[in-house]
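Me: Hi! Could you walk me through how the aromatic rings meet in this protein?

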Amino acid sequence: MKSAAIFQDGMILQRNKPVVIWGTGVPGETIRGEIQGKEGEAEVGADGNWTLTLPAPAASDEEELVLRSVSPADGKETETVFRQVAVGEVWVAGGQSNMEFHMRYEKHKAEAMKNCSNPRVRFFDVPEVCYDGQSQEFDYTRMGIWREADQENLEYFSAVGYYFQREIEKTLDIPVGIIGCNWGGTRSCAWMKPESVERAGKPWMEMYREQTAEMDMDEFWKKQHGNPMNHRGDPFHDPFGETVLPRTLSAREMEEFFQKMSGDTEAYLQELRPQEIPGCLYEHMLKTIAPYGIRGFLWYQGESDDEPGKQGLYQDMLTALIGDWRALWNDPELPFLFVQLPGWENWLAGPGNRDYMTIRSCQEAVAKTVDHAYLCSISDAGEQMDIHPKDKKVVGERLALLARGHVYGETLLCDAPAAEQVRRDGHCVEITFANADGGLTLKGDTVEALHIYPAQEPGEEKEISENPEDSKQSEKETDCRTEISFTAVADGEKLVISLPEGIGAVSIEFARTKWYLVNLYNQAGIPAIPFEYVL
């Protein structure tokens, strides 16, 4: 008998839900389990697999989970005991680099380290594997481990996950576990079933087919197996991550770094990488932890879906992804809390922000149309020249606030202010916000990220300067429309804007540029999400 890798000493099991355990064994072998005096039994099938379900346990700081197997040949019984098992709340933290972003690099790490020791706060990182055999080709002994929050292990935690679980543990007074299932630089299509990608985002599948149409795939996989660039077993062995994640590099430092980059690394980055194949991370990572008992999902991803012409697919892609993830756990109502991408302009030598604006709109639409899916605003926490904001404390804590309100039933303000009604009377515009109980607040003297322009005629496109001299950053697009002067104040649940007398139709745009920092908040300290009105 062998259970799935996630079942270990020191794990956290989900309270008040049946415990599903699975693994492999000898066909006909009987598997019995027990925790808190509650028992269950299963038999290994002809395919060598077994699944055992135990009745729902109550929250507990320490238990033992006992598995016993009975041989079909001689009736001999063997026993496996998992010790220091806690029972509480468990969440899966998925996405790309901003969810993977370790406490090792986080802005507030030094302060967090002072009082981090807490056996009730634990983290499991799913090994980053995207093809058969990868985990045997490299040393993965530093991943796939249940770790307690302490001085030695904190740096391995997802920073967003850690700050989330720290708040939930404090609020509920029970153990909280995070299962990190993420990989930097990955697109949503890698985290879904290929057939879902075909249905919800066909252009992504077409792009993959075009990429591979002329490729010798046998030769491709021959190059991938054992390739040191595919070594994902040590999260801190990568010189690139160790250089760019702790802080934002200067232009000179970036130039020096790329000059030192080997030809092999450059070639690898320019070719198809195995983790880009649609469905590969769904198959090789997510499925390895399902249906481990969980409360819900946290998601921070979308940066790598900023591909020309494909940003508008993100609503359907994220909707389908949520469906695929929930289906693996056979629960269509599992909460899905996700982060709206903040303002950002450029990073390193890449193309920069192409169209996050559309992706954000898609994220907002998902929150409105998918049941039990909730949007987390961090529109005040981006960094202009770094795709990895270093402050993950604010992200985790706002996700925790969403969970407290929508999942754990607290009566509190947890959603971002969202413009829901607009009224214009001459030169006065009133925008009324949802989730603004007690009134909006402004941190500063003026409303940042708010721009007003003359309304465009139907079919007219925004005039954009392509002259790199218009900006210190050659990649930056400069809006050449003439901005209209205005004043704006927060008045209760409304934003009141005063326009010049006699002005005609206008376009009111809030957080609709590449880079911005929002300073308009509700009473819970949550920043407003983007909006645009023409009136």
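**Ring pairs**

Me: How many aromatic pairs does the structure hold?
Reply: Keep in mind that this is a predicted model. Rings pair if their centres lie within 6.5 Å. The count of aromatic pairs in the structure is 30.

Me: Is the pair of Tyr156 and Phe236 stacked, tilted or edge-to-face?
Reply: Their centres are 5.0 Å apart, with 45 degrees between the planes. Stacked needs under 30 degrees and edge-to-face needs over 60, so what's left for this pair is tilted.

Me: How far apart in sequence are the parts that this pair ties together?
Reply: Tyr156 lies in the loop between strand S10 and helix H4. Phe236 lies in the loop between helix H7 and helix H8, so the pair ties together parts whose separation in sequence is 80 residues.

Me: What about Phe240 and Trp347, which kind of pair do they form?
Reply: Their ring centres are 6.1 Å apart and the planes sit at 75 degrees. Over 60 degrees counts as edge-to-face. So this pair is edge-to-face.

Me: Is Phe240 buried, partly exposed or exposed?
Reply: Trp347, its partner, is buried at 17% relative accessible area. Phe240 has 30% relative accessibility. Buried means under 20% and exposed over 50%, so Phe240 counts as partly exposed.

Me: Which charged residue sits over the ring of Tyr156?
Reply: Tyr156 is buried, and so is Phe236. A charged end lies 3.6 Å from the centre of the Tyr156 ring, and that end belongs to Arg147.

Definitions and conventions
Residues are numbered from 1 along each chain as its sequence is written. This is a predicted model: local features need pLDDT of at least 70, side-chain atom pairs count only at pLDDT 80 or more; totals for chains, interfaces and linings use all residues. Side-chain values use heavy atoms; hydrogens and water are left out. Rings of Phe, Tyr and Trp (its six-membered ring) pair if their centres lie within 6.5 Å; planes under 30 degrees apart count as stacked, over 60 as edge-to-face and the rest as tilted. Helices (H or I, at least four residues) and strands (E, at least two) are DSSP runs, numbered from the N terminus. Buried means under 20% relative accessible area, exposed over 50%, partly exposed in between (1.4 Å probe, protein chains only). A charge sits over a ring if NZ of Lys or CZ of Arg is within 6 Å of the ring centre and within 35 degrees of the ring normal.
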